[in-house]
Structure formats: C-alpha cells, structure tokens
Amino acid sequence: MVAPTLTEKTFTMLDPVTARRLSRRSLLAGGAATLAALVAGCGGGDDAATPTAAGSGGPWSFTDDRNEKVSADTRPTRVVAFTGTAAALVDFGLDKQIVGVFGETKRADGTVDPQAGDLDVESVEILGNVWGEFSIEKYAALRPELLVTHMYDPGALWYVPDESKNKILPLASSVAITTARVPMTKPIERYAQLAESLGADLSAKKVTDAKARFEAAAQQVRDAVKANPGIKVMASSGSPDLFYVSNPKVSTDLMYFAELGVDIVVPTKLENGDYFEALSWENAGKFPADLILLDNRSTALQPKDLAARPTWAQLPAVKANQVTPWDAVPRFSYAGAAPLLENLATAIRAAKKVS
C-alpha cells in the first residue's frame, strides 16, 4: 500500500511561515497520458540502460521507517532525494548515485542554499526549488531507481506534493526516514545505514572524522551547560503575523539538545501536531528566555526584519544581543549536525541570565 504523503495541514504544522506564503501549483498538466508517454519514451533505446556500478551486484533491500521493505535485484545507482537528504547522503560518502533533488537548492541570486551542504548542485537535476514544486516530467526522465526523503509525520513524505504523489511514487521505490519525535542522533544513524546499503564506506576518514567532531561538539554543549547553568533557551520562528515557539518534545534537534542538558522552553498551548505554539506578536514575551534560537531559513523573518517590532525588541534576550541562528530543518549527518552543536555551545557559554 502506498503511504499518504505530506498534506498542506501537516506542512503548516511544521513550517508555518512557508505555508502561509507559498501555494502549491499543479504539476499535472497533460494528465496520465502525457506521463505515460514520457515513461515509455525513457524506457527505450540504448541510452535507457543504466550500467550497474562496480560492487553493486546482487540483491539489495532496506526497511525504512514506515516499516516498508524496499527490494531490488541490484543496488540502486540512480537516487533522487530531498536536497537536505541528498546532502546528508553525500556526507556519508555517496556521490554519483545522487542524480536529482527537490527542495531548496539554489537561492534567487544563484548561490547554493545551505540545505545543500557539500552536494554538487551543478551535477544533479533540480526537480523543484521551493515547497510544492516537483517536476514529474524531469523525474521520469531521470529513470529513478529510488526516492528518499524525511518523514516528519507517519507516512508523510517531505516535499513530495500531496496532489501529485500518485503520479510520482509509482515511478520508483521510496524510502522515508523519521525526522520528528526522536532525538537527532536517530535519523543520523538511519541515513548512515541507508548510505552504507547504497555503497558508502562508513569507515572512510571523511565519515569517521565527522563523527568524532560531532561527538566532541556534543560534549562541548554538555560542558557549556555545566559551566553556565540556568540559561533558558527558546527556539522560535517569526512571520509577519505570528511568533512561533517550537516544541523540544517533537523537534528532533531540540530533543537532542535537551538530552545534552540544555534547558529549552516547552510551549504550553500547542497547535495540531504539537510542533509549536503560535503567539500573536503582542504576546511574544510569554515565555522567559535568556537565549533565542531563531529560524534562519529564507522563509522566516530574520533579526533585521524583526528590528522594527517593539515586542521583539523588548525581549530580554534580544536586548542583550543573545539571539543565534537556528537550522530548523537540520542536515541529518555528523558533518551537518556538528557545527550546529558547536554554535549552540558557544552561544550558551557566552549567554547571561536576563529573564
């Protein structure tokens, strides 16, 4: 049975800023007949044969976090993934296997989005660059063997448009990795397992060095909390109308920060999905905080955008200049997560009690 993908409601729960600013556009022009013609066209001729990579012979299987077992006669060599997922797989050692991505990859000025990490964005097909964009035509032309993405809610495939999922999912097997309600180390471990199954060498120096850096960074956070006890941290995101306070009992990175000893604000009046509490700007000071982690994505308001808002400017942490960027959708690899922990440790060490 094909699992349902992300709905607009779920997206709003996870990313309210983007959900209120973007609308999905239809990608189904031409209907099933056009898609069938595309698939048929991609299936013929000498160019349609995908060479089997060295060492990829023999059966392959992987059981994802929907508890669905994906199997193939040989290891997939043509993988399409959410951009942040692709970047995580690259961190674990995959390279040419990534042929396409979807999600924020390039910014309007042509620079690479931080979500892409060390992914070579010029070597992959970008199927969509914002929420709601996913070119089925380009996807079919890639002859995909595997689609991989996050799963924030059970059965929901991150950035796979709900209205076109029934056209997308039949074209290749899919793998979903849980990225909510578990500590950040869990999706990191799961993406490592997937990368290894696809041919990555987890004993490579690049990977072991990144893991060592991650573990050292985690210890830095523990040490910072012990050296500067009592610092209250609030993870938040700003939109023109509302101020969102994120829940460390759902957000996987915040959950892990709490495990390391960080005292994180827990919102009390949660929206559906329990991801956050939405506050009017008049009530932005509801939760005392000494340090604010502020969503740094382009879809959220940044400090320069918030400076003119009196209720923001009056927050004790803002007055004390104790606001630090927060990657609300982290890259789930040791290389991607280590800098987040290092920055958090630095911010906690430097913070003063102001609330």
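This is a predicted model: local features need pLDDT of at least 70, side-chain atom pairs count only at pLDDT 80 or more; totals for chains, interfaces and linings use all residues.
Strands here are DSSP runs of E with at least two residues, helices are runs of H or I with at least four residues, and both are numbered from the N terminus. Two strands count as paired if DSSP finds at least two bridges between them.

Residues are numbered from 1 along each chain as its sequence is written, and side-chain values use heavy atoms, with hydrogens and water left out.

Back to the sheet. β6 and β7 run parallel and are joined by six bridges; T149 has A176 in β7 as its bridge partner.

How buried is α4 (residues 83-91)? Nine of its nine residues are buried, so the helix is largely enclosed by the rest of the structure. Buried means under 20% relative accessible area, exposed means over 50%, and partly exposed is in between (1.4 Å probe, protein chains only). The cover over the buried residues of α4 includes β3 (79-82), β4 (98-102), β6 (146-151), α7 (185-197), α8 (205-227) and α13 (334-350), where contact means heavy atoms within 4.5 Å. After α4 comes G93, with a positive phi near 120°.

Helix α9 (residues 252-259) is largely enclosed too, because six of its eight residues are buried. The buried ones are T252, D253, L254, M255, Y256 and F257. G261 follows α9, and its phi is positive, near 110°.

Now for the charged pairs. A search of the whole structure finds 15 salt bridges, each being a side-chain nitrogen of Lys or Arg within 4 Å of a carboxyl oxygen of Asp or Glu. Here are some of them:

| Pair | Closest N to O |
|---|---|
| E342 and R213 | 2.7 Å |
| R297 and D295 | 2.7 Å |

The salt bridge of E342 with R213 links distant parts of the chain: E342 is in helix α13 and R213 in helix α8, 129 residues apart. E342 is buried, at 19% relative accessible area, while R213 is partly exposed at 40%. In the next pair, K286 is partly exposed at 40% and E277 is buried at 2%. R297 and D295 are both buried. There's also a network of salt bridges linking D64, R66 and E68.

Zooming out, the protein has 13 helices and 13 strands, and buried residues make up 52% of its 355 residues. Of the contacts with a separation of 6 or more, 73% come from residues 24 or more positions apart. The protein exposes about 15,400 Å², with carbon and sulfur atoms supplying 51% of it; accessible areas come from the Shrake-Rupley method with a 1.4 Å probe, and for residues only the protein chains shown count as cover.
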